[in-house]
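Me: I have a structure open on my screen and would like to go through it with you. Could you take me through a few parts of it?
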Amino acid sequence: MAESKPTPLEPSKLGTKAYWDALYTTELSTHTSDPSLEGTVWFDDSDAEAKILSYLSPENDDDDHPDHSPHPHNLDPATASILDLGCGNGSLLFSLRDDGWSGHLLGVDYSRQSVALAKQVAESRKNEDLKSVEFKVWDVLNGDIPDISPEHGWDLVLDKGTFDAVSLSDEKDTKGRRINEGYGERVLQLLKVGGIFLVTSCNWTETELRNWFETSTTPNDDKTKLKMVGRIDYPSFSFGGVKGQTITTLCFEKVVVA
Ligand SMILES: C[S@@+](CC[C@H](N)C(=O)[O-])C[C@H]1O[C@@H](n2cnc3c(N)ncnc32)[C@H](O)[C@@H]1O
């Protein structure tokens, strides 16, 4: 993979915390009035959540799932620890729990209102037969890693739309880079070696996501990297002779480099 940084996105309000705080304040009050209204699930029109569940299912194999390229993950639904970055209303983690993923499930979001909504939805869905899902206010770029990470890191880190949102911020980090440039380093620090990062984006193509994530290294340690090991295919469209997909989901594994 060539080490060239994709062209940065034009900043927008979706890259600001104020936007997300306002959205989740509204969704929280809507859910309080009517608990059947749980808020926005991003990329629902592409059926992303169902496809992610199917991709992660231990029964996933190529013949049954032509829209997947399989990966050699050995995640055990009974024990796998799963972190959802920018969890919004928590929908993806609730679906995983319902689908039999019974390990430690944690959703983090930098918007306090998002976490309040996810906790309120959890309360209204309460099922005595299922272990609860945990939610915390935590900033993916600035939060202390030990505050949320198991000793050796997470088995599976999920991102659905959060790298997209971060890529729309005009903020710079201490190195003077747009903040999305440091995202891969953070993911590497959160994952255990052999752990999986599954990212879903509507703003970046497969090549661009690979350029962002496969070129990231952990600060003070360039012995581990992210390597693409699979993808989920979505219906494609053709426009002006160019073939594209509405969204992209890629699967990366944290590997040790020789
Ligand atoms: C497009 S929404 C996706 C929400 C959810 N993942 C879904 O698929 O429905 C992006 C989410 O990222 C969160 N977010 C953006 N920047 C963040 C950051 N630096 N740390 C934590 N969460 C962040 C926003 O608050 C918002 O909930």
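Me: Happy to start with a pairing: in strand 6, which residue is the bridge partner of tryptophan 154?
Reply: A quick note before that: this is a predicted model, where local features need pLDDT of at least 70, side-chain atom pairs count only at pLDDT 80 or more, and totals for chains, interfaces and linings use all residues. Residues are numbered from 1 along each chain as its sequence is written. Strands (E, at least two residues) and helices (H or I, at least four) are DSSP runs, numbered from the N terminus. Within strand 6, tryptophan 154 has as its bridge partner leucine 191.

Me: How many of the 11 residues of strand 6 are buried?
Reply: A residue is buried if 20 or more other C-beta atoms, placed from the backbone, lie within 10 Å of its own C-beta atom; it is exposed if 12 or fewer do, and partly exposed in between. Strand 6 is mostly covered. Its buried residues number 8.

Me: Why are the buried residues of helix 7 on the same side?
Reply: In helix 7 (residues 206-213), the buried residues are Leu209, Trp212 and Phe213. They are on the same side of helix 7 because the arc they cover around the axis, taken from the directions from the helix axis to the C-beta atoms, is only 80 degrees.

How values were computed. Two strands pair if DSSP finds at least two bridges between them.
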